There are 2 protein chains.
Amino acid sequence: MKNNSYALKGNILYSKDKSMIIEQKHGFLLCEDGKVTGVFGELPKRFEGIPVVDKGDALILPGFADLHLHAPQYAFRGLGMDHELLDWLDTHTFPEEAKYADPAYAKLAYGQFVPALAAGATTRAVVFATAHTEATLLLMDMLEETGLVTRVGRVNMDRNSNPALQEQSAAASLADTRDWLRQAEGRYTHTAPILTPRFIPSCSDELMHGLAALQKETGLPVQSHLSENQGEIAWVKELCPEAANYADAYRRFGLLGGAGCPTIMAHCVWSDAAEQALLAEHGVWVAHCPVSNADLSSGVAPVRAFLERGIKTGLGSDMAGGYELSIFGVMVQAVKDSKLRWRMQDETLAPLTLPEVFYLATRGGGSFFGQVGAFEPGWEFDAIVVDDSEIVCPFELTLQERLERLVYLGGDRNVKEKYVQGRRVK
Amino acid sequence: MKNNSYALKGNILYSKDKSMIIEQKHGFLLCEDGKVTGVFGELPKRFEGIPVVDKGDALILPGFADLHLHAPQYAFRGLGMDHELLDWLDTHTFPEEAKYADPAYAKLAYGQFVPALAAGATTRAVVFATAHTEATLLLMDMLEETGLVTRVGRVNMDRNSNPALQEQSAAASLADTRDWLRQAEGRYTHTAPILTPRFIPSCSDELMHGLAALQKETGLPVQSHLSENQGEIAWVKELCPEAANYADAYRRFGLLGGAGCPTIMAHCVWSDAAEQALLAEHGVWVAHCPVSNADLSSGVAPVRAFLERGIKTGLGSDMAGGYELSIFGVMVQAVKDSKLRWRMQDETLAPLTLPEVFYLATRGGGSFFGQVGAFEPGWEFDAIVVDDSEIVCPFELTLQERLERLVYLGGDRNVKEKYVQGRRVK
């Protein structure tokens, strides 16, 4: 038995695979040195005497991974929802992000975002900041304090944007990125950088090539946006006429995953079979962001196809294209919108089920961070303790029924305790 | 100045029409004898000295109307969401509703539903009970206590259902309905009956004709379901081969609105131009239930077309086809699903906007109850006081921006006070 051992006692649920949920009523979830030892019906003899945190009838679940969100957009979540993507960027997003040139504003606004993220069910997040080094470091400092494990990107964008926000040149963008990476180096335990070209329309070819070189040099992961909206896709086709599709445009720049380049692409709403094949081949993670994809009238991604092809897939809030920071809400939307897609667009792809979206929220997205998102022996210990007692019912429920109700009727407000890598953070 | 006058002071918003929201910052909403006197920037001289309830910076909105919900289904809300309508009726709905033959169970379960409805933003509701007289009266007794104004239906269903729930014959169903109406008569101030044939597949021709006769005799309003799901529509076509469409089948039975027969039809997801024309001609109210229509994979109703044709339209939670009792959540879903419908099914019908769904939730649904749902002089005084201060923001918001955020990010939990016909009920 290692140091720093303890057990959480309660009703434990986690995904075994995309269709199967493991459950243990009134069980023990054991933690040793930040790793999961296992789930047990009775406390094994060799662990007698360790601290046991008895959570009674509460549910104990893996923490959720949010693979795509924009921290500066939290400020205007739930506003301007009557726009499509490209209009919404111009009228709401770019003007708001320009404000983060002022560190005082960044401190105020990130001071509202970070506690909200910390309070909920999310234990891992991959975050866009803005194109401002100081504000990005400030955000990373604040996230570090929460104990969550995050990847944060200072955004690169040197063309086709608001002049107040856009970087002056590819060279300046790359130099500032290197400066940011130097300042971040050695500064954090739980927080790390990720290279973040905003999306192809915002990044010149020179910038994209420079980022690919920087990626090779540093081995850093990459995040960007892919095939979210039809207007955007048509624009990329104009900008990169030689590419077979949008993903291929990233590939040609050397920024579509592959060995040594873990990559997240958000959305993939309109990724066809050829683009899906590229994503599978390059081991790219798709961040499925259904709330945003409905809010911005983008459409519904063919997640069933991603799962069938073995494309790595997790969920993203896409704060604030999505108004909803809670991954509980994102799970519900993922199910509902897969039903509408099935009914209205393509009856060959069956709707997603509750076990599948629970998998996406935990194990699917968690895999970007390694062995994360399930209570398998040796995996990192990320757990949330959830009190669902407010969701009254006149009859007995199974644990999986309680999980379904929690997802539909509960939310971040029901999260009472949170553990990341074995550390209690809430 | 009449007796029982008072004013609520706060930030007042209501729909003038389907696209325009009236607002008054720090204004006075005056009530006399349960009716709205008007909205004023300053308290008019002749009202000096009346009680003023100062709600500070809170928002004051009309109460919401829920035009379609099933009270007995609250018990299993958020469960079994991986089914379509007809399967879901057989596996979840009918077995649960059969339990309400036992008044003790009804008391337990309605004892959970009624306080939840009372606590939220809904001030008016049109409710399905079950096919049990005693349980229906119990529900009506409990609703009466809340002070909400409701219409409640004892459900008629004499065929194609669970034997434990189904009524024995058309004659028995009609006799029991008359008995229920006799027992309800004179018993309530705010609660009234509504005739409730479940839907055509559940009701024999004899029962439908009998209910039409009862409607003519009593002048009671009618509620039922229409064109929700394609399987259901195909079934109705088999059952009523002579009808031009599903609505026409109701019309032929004499149960599709018209003079002296105010009628609500829930769903109308697949109502085509001919069916829409019938609905407009007969003055039928459509209860648009987007949460349910996504949950049960039904589709998305063409609400823009209803509005353009002048069809009376309100919102319904459709508890528990919809898991969401809050009309705030229904409004959000109505906007989002109209965007997906526009993107995936029919680009001729533009998405709904926030002002439009606010109109549907208040004035649109309220019209079923008369002059209800807006702060127009002489209209019934239904108001909610909402504290949105938890929805933090680093910049100043207009009142309409606060309303948008409240809808997206807030909910029933933000409702601090509630008034119905001038009576404070929360």
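This is a working chat about a predicted model with chains A and B.

User: How is chain A related to chain B?
Analyst: Chain A superposes on chain B by a rotation of 180 degrees with 0.0 Å of shift along the axis, and the RMSD is 0.0 Å. That is the relation of a two-fold axis.

User: Which C-alpha of chain A is nearest the axis?
Analyst: In chain A, that is the C-alpha of A:Met344, 3.1 Å from the axis.

User: And what share of the contact residues of chain A recur in chain B?
Analyst: 100% of them recur, so the same surface serves both copies.

User: OK, packing. How many residues are in the largest nonpolar core?
Analyst: The largest nonpolar core has 230 residues. A:Leu139 and B:Leu139 have the most contacts inside that core.

User: What does B:Leu139 touch?
Analyst: Setting aside residues up to four places away in sequence, B:Leu139 touches B:Ala71, B:Tyr110, B:Phe113, B:Val114, B:Val127, B:Ala129 and B:Val152.

User: Switching to helices. How far does α12 of chain A reach?
Analyst: Helix α12 of chain A covers residues 354-366, 13 residues in total. From first C-alpha to last, the helix reaches 17 Å, close to the 18 Å expected at 1.5 Å a residue.

User: Where is the kink in α12(A) centred?
Analyst: The kink is centred on A:Leu360 and is about 45 degrees.

User: How many residues of α12(A) are buried?
Analyst: 12 of the 13 are buried, so the helix is mostly covered; the cut-off for buried is under 20% relative accessible area. Among the buried residues are A:Glu356 and A:Arg363, along with A:Leu360, where the kink is centred. A:Gly364, A:Gly365 and A:Gly366 are buried too.

User: On phi, then: what is the value for B:Asn160?
Analyst: B:Asn160 has a positive phi of about 55 degrees, although it is not a glycine. B:Asn160 is found in the loop between β8 (155-156) and α4 (170-184) of chain B.

User: What about phi of B:Ser227?
Analyst: Phi of B:Ser227 is near 50 degrees, again a positive value in a residue other than glycine. B:Ser227 sits in the loop between β11 (222-226) and α6 (230-239) of chain B.

User: Are those two buried or exposed?
Analyst: B:Asn160 is partly exposed, at 39% relative accessibility. B:Ser227 is buried, with a relative accessible area of 2%.

User: New topic. How many disulfides are there over all chains?
Analyst: A search of the whole structure finds zero. For B:Cys261, the nearest cysteine sulfur is that of B:Cys203, 14 Å away.

User: Is B:Cys261 buried or exposed?
Analyst: B:Cys261 counts as buried, at 4% relative accessibility. A:Cys31 also counts as buried, at 1%.

User: Next, B:Val291. Which helix is it in, and what does it touch?
Analyst: B:Val291 lies in helix α9 (residues 290-295) of chain B. Leaving out residues up to four places away in sequence, B:Val291 touches A:Lys336 as well as chain B residues including B:Gly321, B:Gly322, B:Tyr323 and B:Gln333. B:Val291 is buried, at 1% relative accessibility.

User: How far is B:Val291 from B:Gly322?
Analyst: They are 31 residues apart in sequence and 4.9 Å apart in space, C-alpha to C-alpha.

User: And how far is B:Pro377 from B:Met344?
Analyst: B:Pro377 and B:Met344 are 33 residues apart in sequence and 42 Å apart in space, C-alpha to C-alpha. B:Pro377 is in the loop between α12 (354-366) and β15 (383-386) of chain B.

User: Is B:Pro377 buried or exposed?
Analyst: B:Pro377 is exposed, with a relative accessible area of 57%. Leaving aside neighbours within four places in sequence, B:Pro377 is in contact with B:Val36 and B:Thr37.

Note on methods
Residues are numbered from 1 along each chain as its sequence is written. Chains are lettered from A and ligands numbered from 1 in the order in which they are written. This is a predicted model: local features need pLDDT of at least 70, side-chain atom pairs count only at pLDDT 80 or more; totals for chains, interfaces and linings use all residues. Side-chain values use heavy atoms; hydrogens and water are left out. A nonpolar core is a set of buried Ala, Val, Leu, Ile, Met, Phe, Trp, Tyr and Cys residues joined through side-chain atoms within 4.5 Å. Buried means under 20% relative accessible area, exposed over 50%, partly exposed in between (1.4 Å probe, protein chains only). Contact means heavy atoms within 4.5 Å. Helices (H or I, at least four residues) and strands (E, at least two) are DSSP runs, numbered from the N terminus. The expected span of a helix is 1.5 Å times one less than its number of residues. The bend at a residue is the angle between axes fitted to the seven residues ending there and the seven starting there. Copies are superposed by least squares on the C-alpha atoms of residues with pLDDT of at least 70 in both. A disulfide is a pair of cysteine sulfur atoms within 2.5 Å.
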